[in-house]
Amino acid sequence: MTEETPPCAECQKYTALREKAKQSGDYRAAADYELLRRQHPSHEMPSVTARWGLPT
Ligand SMILES: [Zn+2]
């Protein structure tokens, strides 16, 4: 995961929801949102081209 890659809209949404849940003390919901965020990590995983050292 690189700093220069901004999180996608979905991840931002889930992160925001997670933080909100955490702040309201709902750690169960926070964990659920964290899971959701991790479940669509296509942009966080090394792509096939990245693995081969080519520009993505
Ligand atoms: Zn995402």
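# Chat: a helical chain

Reader: What pattern does the protein chain follow along the sequence?

Author: Read along the sequence, the pattern is α-α-α. The protein chain has three helices and zero strands; helices (H or I, at least four residues) and strands (E, at least two) are DSSP runs, numbered from the N terminus. This is a predicted model, in which local features need pLDDT of at least 70, side-chain atom pairs count only at pLDDT 80 or more, and totals for chains, interfaces and linings use all residues. Residues are numbered from 1 along each chain as its sequence is written.

Reader: How much of the protein chain is buried?

Author: Buried residues make up 7% of its 56 residues. A residue is buried if 20 or more other C-beta atoms, placed from the backbone, lie within 10 Å of its own, exposed if 12 or fewer, and partly exposed in between.

Reader: How do helix 1 and helix 2 cross?

Author: The axes of helix 1 (residues 9-23) and helix 2 (residues 27-38) come within 8 Å and cross at roughly 165°. That makes helix 1 roughly antiparallel to helix 2. Angles under 35 degrees count as roughly parallel, over 145 as roughly antiparallel, 65 to 115 as roughly perpendicular and the rest as oblique. Axes are lines fitted to C-alpha atoms, for helices over the stretch in contact, with angles from 0 to 180 degrees between N-to-C directions.

Reader: Which residues meet there?

Author: From helix 1, Cys11, Tyr14, Thr15, Leu17, Arg18, Ala21 and Lys22 meet Tyr27, Ala29, Ala30, Tyr33, Glu34, Leu36 and Arg37 of helix 2. Contact here takes C-beta atoms, placed from the backbone, within 7 Å. The residues divide into nine nonpolar, one polar and four charged. Ala, Val, Leu, Ile, Met, Phe, Trp, Tyr, Cys and Pro count as nonpolar, Asp, Glu, Lys and Arg as charged, and the others, Gly among them, as polar.

Reader: What does alanine 30 touch?

Author: Leaving out residues up to four places away in sequence, alanine 30 touches Arg18, Ala21 and Lys22. Alanine 30 is partly exposed, because 18 other C-beta atoms lie within 10 Å. Its C-alpha atom is 6.9 Å from that of glutamate 19, 11 residues apart along the chain.

Reader: And alanine 29, how many C-beta neighbours?

Author: Alanine 29 has 15 inside 10 Å, so it counts as partly exposed. Alanine 29 is also in helix 2.

Reader: New topic: what happens just after helix 1?

Author: Glycine 25 takes a positive phi of about 80° there.

Methods: Two residues are in contact if their C-beta atoms, placed from the backbone, lie within 7 Å.
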